Amino acid sequence: MLVDFELIIRARDGDGAAFNQLVLAYRKRILGTIGRLIGHPEDVEDVGQEVFLRLYFSLDQLRSAEVFEPWLYRLTANAAYDYLRKRRRRMESRMADLSEQQVTVADALASTKVDHDEGQRKAIRETVDSLLDGVSQEDRVLLMMKEVEGLSLKELGKIYHVNENALKVRLFRARQRVLKSFRTSRKPAVGLGGSR
Amino acid sequence: MDQKHLMGDDEERLDALFQTYRKACPDPEPSANFMPQLWQKIEARERTSTVFVRLARNLVTAALALSSIMALMVTVSHSRATSLPSDTYVEVLEEDHARQNLDYFEPVRVDPIADHR
């Protein structure tokens with residue numbers, strides 16, 4: 001826990017200053033998680049603000065301070081999922097308007113503007129993004145929470161209020177799908193440092 | 001054997017890719033506008049919800065006033081109705097019929113014969 005239980009209780013009881021402190025304590029971590037879940041740095045702050053906005057209006061329903069972090073992660077996962085769903089819908093309609101050639105040119109122009117490091121990060125993000133295209137938005141968020149954020153099955157069970165075995169099965173299936181795309185992918189994996 | 005080895009290799013590569021992705025996306029520094037924008041959004045939503053609450057309250061008040069007026073109207077019309085004859089058509093008919101029957105069953109007066117000689 002990054003804060004005392006007392007601060008959470010004060011924020012829950014409507015203390016604005018306590019809520020402000022709570023946001024200041026968690027915002028960096030939450031923004032990082034959102035960035036990795038959605039893979040679009042330009043929208044991270046918007047989604048992050050949405051998470052804390054939902055937190056502000058739902059904090060009075062928090063039963064005890066001990067479950068605050070799973071609660072916050074649940075809000076984060078839901079906000080990321082909502083964003084991804086909307087984005088997919090937006091992208092589908094936008095892509096329908098552009099020809100394939102225009103998309104390629106736009107991508108090439110965009111990549112020349114960024115520096116090398118950022119270009120490499122972008123390539124990794126795109127690789128992961130394309131691998132995760134084969135799974136549903138819910139499974140994508142779940143898989144990222146496990147594989148990238150490093151949350152345990154127990155923690156995920158608390159966040160999703162789901163039996164650990166059910167989560168294990170779901171994660172296994174999602175990972176197998178990603179692995180299949182990974183194998184069939186013709187793109188070389190960028191920036192891999194070999195085995196762990 | 002080789003196939004199994006390759007599959008295991010892919011699993012490790014995928015794990016490595018996720019770890020690289022984790023490193024490529026570090027926790028960002030929030031911008032200076034993060035908190036002011038957040039409070040603006042909170043206040044905007046509170047305003048919206050206040051408008052809805054007020055609207056709902058006004059609707060409830062209007063509904064209560066309307067039902068009071070309707071109740072009053074029903075009471076007034078009911079009291080007016082009580083000043084009119086309360087008998088139903090069937091009751092009036094029955095009463096009339098009973099009177100006729102009484103006439104019918106009235107004993108016949110027979111004058112005594114004066115001279116019975």
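1. Chain A has 9 helices and 0 strands, so the pattern read along its sequence is simply α-α-α-α-α-α-α-α-α. Please keep in mind that this is a predicted model.

2. Of its 196 residues, 31% count as buried. If you take the contacts in chain A between residues at least 6 apart in sequence, 65% of them join residues at least 24 apart.

3. Next, the nonpolar core. The largest one holds 49 residues, and the members that touch the most others are A:Ile34, A:Val47 and A:Ala80.

4. Setting aside neighbours within four places in sequence, its contacts are A:Ile34, A:Leu37, A:Ile38, A:Val47 and A:Val141.

5. Now for a helix pair. Helix α8 (residues 153-160) of chain A packs against α9(A) at an angle of about 105°, and their axes are 9 Å apart. Angles of 65 to 115 degrees count as roughly perpendicular, which is why α8(A) is described that way relative to α9(A). On the α8(A) side the residues are A:Leu153, A:Lys154, A:Leu156, A:Gly157 and A:Tyr160, and they meet A:Glu164, A:Leu167 and A:Lys168 in α9(A). By class, this contact has 4 nonpolar, 1 polar and 3 charged residues.

6. The loop between α8 and α9 of chain A contains A:His161. This residue is not a glycine, yet has a positive phi of about 55°. Is A:His161 buried or exposed? It counts as exposed, because it has 8 C-beta neighbours inside 10 Å, and a residue with 12 or fewer falls in that class.

7. Last, the interface. Here 32 residues of chain A are in contact with 27 residues of chain B. On the chain A side, the elements giving two or more residues are α2 (16-38), α3 (44-58), α6 (116-131) and α9 (164-184). Of these, α2(A) gives the most, with 8 residues. The side of chain A that touches chain B divides into 15 nonpolar, 7 polar and 10 charged residues.

Conventions: Residues are numbered from 1 along each chain as its sequence is written. Chains are lettered from A and ligands numbered from 1 in the order in which they are written. This is a predicted model: local features need pLDDT of at least 70, side-chain atom pairs count only at pLDDT 80 or more; totals for chains, interfaces and linings use all residues. Two residues are in contact if their C-beta atoms, placed from the backbone, lie within 7 Å. Helices (H or I, at least four residues) and strands (E, at least two) are DSSP runs, numbered from the N terminus. Ala, Val, Leu, Ile, Met, Phe, Trp, Tyr, Cys and Pro count as nonpolar, Asp, Glu, Lys and Arg as charged, and the others, Gly among them, as polar. Axes are lines fitted to C-alpha atoms, for helices over the stretch in contact, and angles run from 0 to 180 degrees between N-to-C directions. Angles under 35 degrees count as roughly parallel, over 145 as roughly antiparallel, 65 to 115 as roughly perpendicular and the rest as oblique. A residue is buried if 20 or more other C-beta atoms lie within 10 Å of its own, exposed if 12 or fewer, and partly exposed in between; C-beta atoms are placed from the backbone. A nonpolar core is a set of buried Ala, Val, Leu, Ile, Met, Phe, Trp, Tyr and Cys residues joined through C-beta atoms within 7 Å.
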